[in-house]
Amino acid sequence: MNPEPHTSPVRLTREGPIARLTLNRAAKKNAANARMWRAIADLTGEARRMEGLRVLIVSGEGDSFAAGADIAEMGALIGDEAGAADYAATFSRAMQAVADFPHPVLAMIRGACIGGGCGLALACDYRFADTTVKLGVTPAKLGLLYTVDDTKRLIDAVGVSRAKSMLFTASVYGATDAKAFGLVDEVVAPEALEAAVTVHADRIASLSPFTITAMKRFVKQAQAQGEDEESRRAFAKAFAGPSFAEGFMAFKERRAPQFSEEQES
């Protein structure tokens, strides 16, 4: 196997309140190896610690988002239960780091988005795609499995019957079907993709970070278990909080609100 070039398999950059996590194996259509999964988890953790961050955008370098996992690397795991367990843990840690990110995560998808790449996109909160996309969940082609967490995210996006069909047939879908099924949320022309994602990210970044991070947490809780005493207290407490005070005064004074994390400290 040829050695990997000495470049970072994932890049993390930031501009103001928006950070970008870019998969960086364009020559391999960003097929994800263990090094990349580790970098996704580590850099997502780094982004999580950034003060004032509001949005994370996940994308792939070149003409693809992520063409699945690196099959050549995975072939070395045949018969190696310890190595397979380590790889599975690395993979799951990366997916969970994205899914549990406290701020909104937007996927910017072009080209191939297959297998683990599709799982990574589903771990994001909102998915923008251009008309070149090909999405599919294809472990059945290799005799592998999708994790329960990844399967739940697939079901949440497309429903039980469609998820079964995708898993049982390993079919790959273009932009029109992906949008109709709920695999992606927006489809635009290739030349419009960057602008569409940026406008959405800027809109989120302009609003109350207190509200958005809390509501992301509430949505996840609602999917899992529904209301509890802690969430009811948080809802009530918001009315007395400084974010609402600023939002209310801005509305009353007909100006744009100036929200900040410091308002909640």
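This is a predicted model: local features need pLDDT of at least 70, side-chain atom pairs count only at pLDDT 80 or more; totals for chains, interfaces and linings use all residues.
Residues are numbered from 1 along each chain as its sequence is written, and side-chain values use heavy atoms, with hydrogens and water left out.

**Entry 1: overall dimensions.** Along the principal axes, the C-alpha atoms fill a box of roughly 65 × 40 × 40 Å. I recorded that 46% of the 265 residues are buried (under 20% relative accessible area; exposed is over 50%, partly exposed in between; 1.4 Å probe, protein chains only).

**Entry 2: secondary structure.** The protein chain holds eleven helices and ten strands; these are DSSP runs numbered from the N terminus, helices being H or I with at least four residues and strands E with at least two.

**Entry 3: strand 5.** I found five of the five residues of strand 5 (residues 105–109) buried, so the strand is largely enclosed by the rest of the structure. Val-105, Ala-107 and Ile-109 point one way, Leu-106 and Met-108 the other. In a regular strand, side chains alternate between the two faces of the sheet. I then checked pairing, which requires that DSSP finds at least two bridges between two strands. Strand 3 (residues 55–60) runs parallel to strand 5 and is joined to it by four bridges; Ser-59 has Met-108 as its bridge partner. Strand 7 (residues 126–130) also pairs with strand 5 in the parallel sense, over four bridges, with Ala-107 opposite Arg-127.

Entry 4: I traced an open sheet of mixed pairing in the order 4-6-8-9. Its edge strands, strand 4 (66–67) and strand 9 (172–173), each pair on one side only. Strand 6 (residues 112–114) and strand 8 run parallel, joined by three bridges, and Ile-114 has Gly-136 of strand 8 as its bridge partner.

**Entry 5: Leu-142.** I located Leu-142 in the loop between strand 8 (134–136) and helix 5 (148–158). Leu-142 counts as partly exposed because its relative accessibility is 48%.
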